Structures are given as structure tokens and as C-alpha cells.
Amino acid sequence: MHKITLVFALLFVLLGTVASNAQQAVSERTPSQITPAQYFQGRLERLYKAIDAKETGKIAQYESDLLAAIRENINLASETKDAGEKQNFAARKVQILNKFESFSFATAAKDESDTHLALLEEFLGMLLAK
């Protein structure tokens, strides 16, 4: 009986090791680098889905992720004095960020939510224009 238990324990450990190695091999083959525009676009798409599904927890998370990405983009551009920054983009990005002061998609009316989604789409357009 003990031999059978020992065999099953060894098989379990071996199976776990093989699965871990396979997962690592797959992750090494897939590129982990995504551009800021791709990240922003993915989060924006998820925000749309969360709003449609009325999932307030996910709405808050994606909204937070998007605003953090905007802040990071603004800070990075100002630190590096990005020569590729289109004229007036920097000022407009700050204006967009400021529009989200005291705003939440989870509690906003539909027309107000649509207005703020359009601002996020505009920001995405600026990221893609680089």
C-alpha cells in the first residue's frame, strides 16, 4: 500500500514539473513586450465590456489602469522631453487627465460616460499617432 502511495506521489511531482517546464517554454516563445498603445487599447476594450456588463469592480479597475497609463505617458514625455511628441499633444493629454477628476464610470450617467469614453479614445489616437 505504501509503495502505491509513493508511486502516485512521485507521478504527481513529475507531472507538476513537466507542466511547469512546458508553461515556461511557451512563455519564452511568446513576446512579452507590448506597446503602450496596445496596453491602453486592451484596457479600453475591457472597460467597454465591463460597462456593458455593469461590473463595477472591473470598471473601477480598468478605469484606474487607464488613468495610470495616461499619467505614466505624460510623465515619461515630460521627463524625456520626447522629440516625437506631436505639437499640442502634451497639453491635450493633461487636459484629458484633468477631465477625470472626481469622475467614475461606475456612477456616471450614460451621456457623461460616453463623453469620457470619447476622451479615452482620443488619447488612444494620440498614442497611435506617435
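On a 1 Å grid over the protein atoms alone, a pocket is an open set of points where a 1.4 Å probe fits, with protein on both sides within 12 Å along at least five of seven lines, and its lining residues have an atom within 4 Å of a point. The structure described here is a predicted model, in which local features need pLDDT of at least 70 and side-chain atom pairs count only at pLDDT 80 or more, while totals for chains, interfaces and linings use all residues. Residues are numbered from 1 along each chain as its sequence is written, and side-chain values use heavy atoms, with hydrogens and water left out.

**Second largest pocket**

- The second largest pocket holds about 250 Å³ of space, a volume taken as the space filled by probe spheres set on the grid points, which are joined across faces, edges and corners.
- Its lining comprises 14 residues, and those nearest the centre are Ile-51, Asp-52, Lys-54, Lys-110 and Ser-113.
- Helices H2, H3 (56–80) and H5 (110–129) each contribute at least two lining residues, with H5 giving the most, at 4 residues; helices here are DSSP runs of H or I of at least four residues, numbered from the N terminus.
- By class, the lining divides into 8 nonpolar, 2 polar and 4 charged residues, where Asp, Glu, Lys and Arg count as charged, Ala, Val, Leu, Ile, Met, Phe, Trp, Tyr, Cys and Pro as nonpolar, and the others, Gly among them, as polar.

**Helix H2**

- Ala-37, Phe-40, Arg-43, Leu-44, Leu-47 and Ala-50 of H2 are buried, that is, under 20% relative accessible area with a 1.4 Å probe and protein chains only, whereas exposed means over 50%.

**Aromatic pairs**

- The whole structure contains 4 aromatic pairs, meaning rings of Phe, Tyr and Trp (its six-membered ring) with centres within 6.5 Å, called stacked under 30 degrees between planes, edge-to-face over 60 and tilted for the rest.
- Phe-100 and Phe-105 form a tilted pair, 6.1 Å centre to centre with 50 degrees between the planes.
- Phe-103 and Phe-105 have ring centres 4.9 Å apart and planes at 85 degrees, so this pair is edge-to-face.
- Phe-100, Phe-103 and Phe-105 form one aromatic cluster, in which Phe-100 is buried at 6% relative accessibility and Phe-105 at 5%, and Phe-103 is also buried.
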